There are 2 protein chains.
Amino acid sequence: MGKKSNKNKENHMLYFGGKDWGVHEEALDLGRSTLAETIFAQANGYIGTRGTHEEGITGNPTSTEGTYLNGLFVRDPYNYPENAHAFATHNNKIIQVPNGKAICVSADSETFLPGESVMEDYSRHLDFQTGLMERSLIWSTTSGKRLKIASRRLVSLNNLHLLAIEYQITAENFDGGAQIESCLDAAYGAGEVDPDDPRVGHLSITKSLVKKEEKAEEGASSYLHQIKDSDVIIRSATSETLQGTTPVRSHVLKEKGRLGTRYEMTLKQGQPVTLTKFITYHHGVAGEEDTLASRAADTLKAAQKTGFAHHAVTQQQKLAEFWSGADVTIDGDPQLQQGIRFNLFHIYQSAGKDGRSNIGAKGLTGPGYDGHYFWDTEIYIIPFFVYSYPEVARSLLEYRYSILDKARERARQMSYAKGALFAWRTIGGEECSAFFPAGTAQYHINAAVAYAIRQYLQATQDWDFIGKFGAEILWETARIWMGLGHFNPRKGGQFCIHAVTGPDEYTAMVDNNFYTNAMARQHLRTALEVAVHLKKHDRKCYDALVEKLCLEESELALWKKAEENMYLPYDKELGINPQDDTFLDKPRWDFENTPTENYPLLLHYHPLVIYRHQVLKQIDVMLAMVLLGEQFDADLKRRNFEYYDPITTHDSTLSTSMNSVACSELGLYDKAYQYFEESVRMDLDNRHRNTEYGLHTACMAGSWMTVVLGFGGMQIRDDKPNFNPYLPGKWPSYSFSVRFRESRVHVAVSSKEVVYTLTDGGALEIAHGGKPLKLAPGKPVTVPLAATEHAA
Amino acid sequence: MGKKSNKNKENHMLYFGGKDWGVHEEALDLGRSTLAETIFAQANGYIGTRGTHEEGITGNPTSTEGTYLNGLFVRDPYNYPENAHAFATHNNKIIQVPNGKAICVSADSETFLPGESVMEDYSRHLDFQTGLMERSLIWSTTSGKRLKIASRRLVSLNNLHLLAIEYQITAENFDGGAQIESCLDAAYGAGEVDPDDPRVGHLSITKSLVKKEEKAEEGASSYLHQIKDSDVIIRSATSETLQGTTPVRSHVLKEKGRLGTRYEMTLKQGQPVTLTKFITYHHGVAGEEDTLASRAADTLKAAQKTGFAHHAVTQQQKLAEFWSGADVTIDGDPQLQQGIRFNLFHIYQSAGKDGRSNIGAKGLTGPGYDGHYFWDTEIYIIPFFVYSYPEVARSLLEYRYSILDKARERARQMSYAKGALFAWRTIGGEECSAFFPAGTAQYHINAAVAYAIRQYLQATQDWDFIGKFGAEILWETARIWMGLGHFNPRKGGQFCIHAVTGPDEYTAMVDNNFYTNAMARQHLRTALEVAVHLKKHDRKCYDALVEKLCLEESELALWKKAEENMYLPYDKELGINPQDDTFLDKPRWDFENTPTENYPLLLHYHPLVIYRHQVLKQIDVMLAMVLLGEQFDADLKRRNFEYYDPITTHDSTLSTSMNSVACSELGLYDKAYQYFEESVRMDLDNRHRNTEYGLHTACMAGSWMTVVLGFGGMQIRDDKPNFNPYLPGKWPSYSFSVRFRESRVHVAVSSKEVVYTLTDGGALEIAHGGKPLKLAPGKPVTVPLAATEHAA
């Protein structure tokens with residue numbers, strides 16, 4: 001295990017219980033309420049809302065309220081104590097919208113407040129199959145009146161603009177008065193965050209949105225906001241109905257930043273009163289105010305008409321469709337089973353699905369990293385979608401096309417005459433990294449996008465995407481390498497790339513980062529392959545693109561020369577690939593004298609102290625070994641692993657999942673399993689102690705790779721999926737599915753055999769351990785598992 | 001010439017005229033008034049005031065008013081868009097104090113305002129021998145009344161707390177009323193500055209000082225301020241008298257932020273009225289309010305008693321003393337003569353002389369770099385003082401001792417268990433660099449301090465300084481190298497230093513920067529030599545220090561091992577010293593396609609673009625060749641020069657002077673001369689176009705080195721000054737003085753001979769061209785100059 005093993009050997013509490021298909025809590029723990037808000041977050045790729053209580057919660061900072069709209073951001077200027085040319089000028093902060101979840105209930109002149117009021121029988125459950133979060137509790141007032149409060153809510157996967165809540169109260173031991181207040185709150189805070197932790201985001205609804213209009217009438221509230229310094233407008237609206245009683249009175253509320261209705265009613269013992277509330281968000285540009293208003297009204301009207309139960313049913317249907325292609329089963333270990341499903345559920349929830357939004361490093365579950373998108377999407381998340389739900393993969397890649405002009409702008413700022421350079425972190429496309437040595441210097445972002453396009457194309461043969469979007473992205477981004485690198489006469493004319501940072505941010509601004517060079521080579525190859533294919537099969541498309549991009553034949557020739565002569569550092573003495581030209585010269589980090597509490601290192605040492613040592617935040621050479629597995633032989637991989645594993649802290653959540661895949665391939669089954677355990681419940685067990693700011697989506701999706709690419713040994717070879725599965729020692733069996741072209745194969749691995757079953761589409765040729773297997777519908781193929789294929 | 005030669009070949013206007021001993025202007029040019037304010041600045045090492053007009057000036061931003069107190073600063077928190085561990089937390093901004101120069105005159109219901117009012121016969125002169133700035137002009141009112149205004153001012157070099165002005169008006173063609181208003185202005189602005197230029201400072205009096213008290217009566221005003229968030233208090237006070245008239249009336253002024261007196265008087269044609277104004281500044285800590293008040297009162301009382309003329313005389317005397325040891329004469333080129341004296345005059349003015357202040361990169365002449373001190377002092381400025389005015393050199397080095405505890409703190413922040421790490425830029429000692437790749441990463445700051453101590457010791461044998469301050473500084477700072485570097489098994493156990501930045505900031509965070517390693521080696525050698533000496537000659541002092549610092553014998557042994565095994569990069573193929581381990585691998589900057597207007601590169605290219613090319617902002621390897629000249633042979637120096645000179649932009653003003661020294665030694669006389677010309681009038685001709693923010697003190701002092709070390713070929717060899725002079729082709733003769741130990745030698749070089757004359761102290765052994773020469777009082781020695789010793 002890497003060097004953080006000490007830390008990770010702490011006895012992790014099992015914070016959140018749950019069965020196979022959900023996560024739940026049986027008590028309200030104020031000490032981890034912000035953590036729970038992340039874990040219980042719900043989203044549909046457009047709306048994301050944290051798992052806060054409708055009533056709020058007592059104390060501060062026990063809560064970080066947040067409802068986000070994916071792809072929307074406010075531009076916030078950066079002020080550097082010391083500026084330099086082409087530093088990122090603005091941050092993009094994800095937009096928080098008014099909180100429509102706000103509901104509270106009063107009785108006996110008391111207002112129910114979680115954490116403060118006396119409660120019994122509290123439980124909360126988020127179900128991965130229904131998509132519903134359900135909470136139930138009994139509230140006792142000081143005088144002993146007991147009210148049962150039961151609520152359910154969903155963020156609709158069928159209607160991206162809809163959030164729905166069913167909130168029911170029942171007097172358990174009395175007849176008498178009660179009040180329910182339902183609001184749309186545009187003034188909530190973002191909770192307190194650590195200003196010195198660069199991983200934390202700082203969001204504020206009031207600093208981002210300018211109120212243009214507010215309207216409140218009984219049971220209906222709405223806001224129109226404009227994003228500061230932009231022409232983007234947002235309509236937020238709620239509509240609610242009350243069943244089971246007729247209010248004695250109702251008041252329309254228009255407080256500072258809050259709109260809503262207070263209903264006064266008389267409860268009868270045992271007779272439930274239900275508030276059904278729908279919340280909708282729409283955005284557009286200035287001038288579309290009326291359109292947004294009518295779209296919001298239509299959404300709410302239609303929702304009220306069909307009712308909560310209807311949406312609950314269609315939500316479950318949509319999720320069933322998702323799980324049919326995405327589910328991973330792990331028998332014999334409910335915690336791991338819960339972990340992997342938790343991860344996939346959240347990844348699916350958070351991913352943008354409109355071709356103009358992506359998936360943040362924290363999904364839509366918290367303020368961390370200000371909602372930014374990173375290379376996490378392309379390298380860690382898209383593989384899951386490519387093989388499970390490819391239409392989302394395409395949508396995420398189309399997002400890159402939507403910001404291609406911004407990437408071109410960035411390339412010009414960085415003095416490239418041609419090409420496009422994707423920002424290290426962004427929402428709208430501009431570079432938002434305010435620390436360039438570990439941001440802008442990570443040029444491998446371009447290669448990551450190219451890698452994902454290639455993987456998507458390989459699995460789907462979606463040449464329509466390539467013609468419309470993919471080729472243009474590939475070629476424009478490929479051009480950057482030629483501006484960045486050079487044929488180095490001192491290295492026999494090999495193509496060298498200087499002053500870059502690889503994935504491992506504990507080393508910065510180095511020459512010939514192995515990962516970057518290897519991925520650049522693959523990028524250039526893909527760009528050339530696509531050029532050759534289009535030229536041959538879709539000449540019209542090819543010619544149009546060449547003309548549009550003023551792409552010259554000589555450029556293609558140069559790409560070829562560069563990829564053929566790409567310099568990949570190799571140290572003969574050690575027989576390994578140095579992480580960069582000077583890495584091996586540096587002294588090893590003094591792990592023996594580093595106290596456990598000094599991890600993650602980045603929070604306890606100045607960057608320069610870290611940079612001058614051999615120490616990795618996350619795998620780097622080994623990541624190339626995994627992603628480009630077919631290009632390197634097993635011995636080299638093993639030597640690299642043996643060298644780098646002991647000096648890797650895994651301070652980044654992007655590290656352990658891919659390292660597990662590497663271990664599987666190298667037959668290091670125990671380590672593979674340990675790294676899998678690290679990854680699969682990273683957030684559920686809050687192993688990095690910052691899940692309160694949002695989930696780690698790359699790690700979550702990475703855990704899918706540890707199963708499918710690692711344990712299942714899946715690799716694309718000779719244009720077909722090749723499996724090489726083994727059974728991690730402790731499990732009776734596990735299974736997963738892989739979509740390839742028009743078909744889907746279900747792979748079930750048990751102690752004695754592997755069963756391959758076509759669950760969708762026509763006949764498919766796969767391979768098992770390198771030997772071809774033909775799968776036909778209705779005819780599962782069983783292959784015995786050799787003893788050597790088991791973990792020790 | 002380096003690559004910026006195109007830019008520098010522009011026809012530089014001779015902005016400022018002047019004879020041998022001064023600088024003057026014959027017209028008021030609003031387009032360069034802020035530049036003139038810098039050029040005409042006056043200072044005494046404690047007070048510095050810009051050459052603004054007493055009356056202000058019309059328009060904005062035609063003026064940057066500023067009066068500074070050296071060593072005083074306000075701590076201003078840094079807010080990073082993305083923070084990291086041990087980043088500098090606060091800036092130190094030099095304190096601006098209330099402007100006591102403010103005087104204005106009215107007549108005919110008009111107020112005289114330079115740049116707006118009608119003027120004739122304007123002239124202004126700053127005299128390097130008297131230290132006075134004198135201005136004279138005739139103002140015509142709209143109705144045709146003419147007033148002669150003549151003023152003189154000085155910042156006393158004899159009383160560091162005193163600024164004096166004599167302001168005289170004479171009615172030229174009328175009898176009638178006039179008013180003079182004299183103020184102490186605590187609300188002036190700092191002018192407009194470019195927020196994106198990292199070299200510019202942003203100062204504000206009102207954001208730095210909190211007013212504690214104000215007092216105004218006729219002819220006397222005073223403020224008491226406290227520096228924000230500190231216990232430092234400052235008393236500013238003025239006192240003025242009027243001669244030649246009795247005011248008809250006078251009003252005490254107490255406007256917002258301004259105190260003063262308005263005098264109404266009746267002028268008689270041809271009869272001058274003179275306002276004599278003294279301004280004083282004192283600082284202390286809270287609790288010392290009364291002391292400061294009486295010190296200020298005493299200063300003003302004594303000054304008024306002796307009168308302006310007295311101070312003018314003592315000022316000239318003090319300067320005569322300075323020039324006797326410092327003057328450099330250049331015959332046959334008045335502009336160069338003016339340039340070198342301008343430089344030395346300003347260096348002397350600005351240097352702190354109290355052991356607790358230093359000399360800012362901009363002296364006390366402008367807001368640039370917020371008044372910070374850099375290594376400029378030790379490498380560029382102290383040599384001049386060591387050989388011309390060694391008591392100032394000692395004072396500047398004592399400043400380092402005064403901040404040694406802060407350097408220890410910084411070392412702990414940077415994870416060094418032992419030792420002291422001087423801040424890259426600071427006033428009070430804490431690290432103020434908000435851009436660590438070109439700040440904190442420049443560990444060579446420690447070596448620079450050690451280098452200056454060695455040079456000072458060599459010239460003065462001041463072991464008293466070493467025992468009290470020097471040894472402790474040397475040893476504490478030496479310790480850092482052992483924490484920073486390591487004995488690299490991959491380089492045969494040589495001592496290597498990783499992730500540092502050398503003087504050339506166009507390459508950052510590299511391994512084994514040649515300059516840093518070479519200077520570290522010298523640092524360790526000096527630390528050891530001093531240890532050996534003290535142990536032998538002052539055991540008590542040695543033992544006390546060893547105990548205080550817990551210095552172990554094993555540490556000394558390790559220093560020895562490190563200096564003996566210091567790795568200095570050398571490339572066999574090219575026969576040069578690579579700037580660092582990877583420098584030669586990078587592609588050369590494309591100078592041919594870089595437009596002239598893109599210099600300085602740092603303002604037109606992202607750091608990463610610059611970092612990945614072979615291009616130098618300033619000399620780096622060559623600086624080591626100059627500073628450690630005796631350690632490297634001439635062929636190596638020549639090869640290094642030939643390699644690096646064509647790729648050096650000299651975008652830093654620290655570059656050309658030292659390069660000129662190198663050229664002299666290499667016999668490249670034309671280049672040496674060109675680089676000298678670049679340096680010696682850098683500010684007078686505003687060649688870097690930012691002199692309006694302050695002078696470039698390192699470049700100014702550097703021009704002294706180009707003459708003495710370059711043309712004069714002075715080097716300390718075998719513990720004595722060795723001269724090897726030549727005559728730059730265009731000059732009939734030049735001369736300079738060098739103080740060594742208790743003596744001073746005057747060196748006069750003409751076309752046929754060199755005359756060495758002892759001008760102070762007893763007999764001294766020197767060398768000429770390596771051959772010993774004995775100098776005795778009253779017996780000049782003349783040595784013929786061989787023809788080969790002339791420039792081509």
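Angles under 35 degrees count as roughly parallel, over 145 as roughly antiparallel, 65 to 115 as roughly perpendicular and the rest as oblique, and by that rule α7(A) and α10(A) are oblique to each other. The structure is a predicted model, in which local features need pLDDT of at least 70, side-chain atom pairs count only at pLDDT 80 or more, and totals for chains, interfaces and linings use all residues. Residues are numbered from 1 along each chain as its sequence is written, chains are lettered from A and ligands numbered from 1 in the order in which they are written, and side-chain values use heavy atoms, with hydrogens and water left out.

**Relation of the two chains**

- Chain A is superposed on chain B by a rotation of 180° with 0.0 Å of shift along its axis, at an RMSD of 0.0 Å, which is the relation of a two-fold axis; the superposition is by least squares on the C-alpha atoms of residues with pLDDT of at least 70 in both copies.
- Of the residues of chain A, A:Y80 comes closest to the rotation axis, with its C-alpha at 3.1 Å.
- The copies meet through the same surface, because 100% of the interface residues of chain A are also interface residues in chain B.

**Helix packing in chain A**

- Helix α7 (residues 390-402) of chain A packs with helix α10 (residues 463-484) of chain A at an angle of about 45°, and their axes are 9 Å apart; axes are lines fitted to C-alpha atoms, for helices over the stretch in contact, and angles run from 0 to 180 degrees between N-to-C directions.
- Helices (H or I, at least four residues) and strands (E, at least two) are DSSP runs, numbered from the N terminus.
- α7(A) passes α10(A) in a left-handed crossing, a crossing being left-handed if the near helix is turned anticlockwise from the far one by less than a right angle, and right-handed if clockwise.
- Residues of α7(A), including A:R394, A:L397 and A:Y401, meet residues of α10(A), among them A:F465, A:F469 and A:I473, where contact means heavy atoms within 4.5 Å.
- By class, the contact of α7(A) with α10(A) has five nonpolar, no polar and six charged residues; Ala, Val, Leu, Ile, Met, Phe, Trp, Tyr, Cys and Pro count as nonpolar, Asp, Glu, Lys and Arg as charged, and the others, Gly among them, as polar.

**Helix packing in chain B**

- Helix α4 (residues 289-326) of chain B and helix α5 (residues 334-350) of chain B pack at an angle of about 120°, with their axes 12 Å apart, which makes α4(B) oblique to α5(B).
- The crossing of α4(B) and α5(B) is right-handed, and the contact between these helices has seven nonpolar, no polar and two charged residues.

**Strands and sheets**

- In chain A, four strands form an open sheet in the order β2-β3-β4-β5 with antiparallel pairing, and two strands pair if DSSP finds at least two bridges between them.
- The edge strands of this sheet are β2 (42-43) and β5 (90-96) of chain A, each of which pairs on one side only.
- Strand β4 (residues 67-77) of chain A pairs with β5(A) in the antiparallel sense over seven bridges, and the bridge partner of A:V74 in β5(A) is A:K93.
- β22(A) and β23(A) form a hairpin with two residues between them, and A:D718 in the turn has a positive phi of about 50°.
- β23(A) also pairs with strand β27 (residues 764-768) of chain A, in the parallel sense over two bridges.
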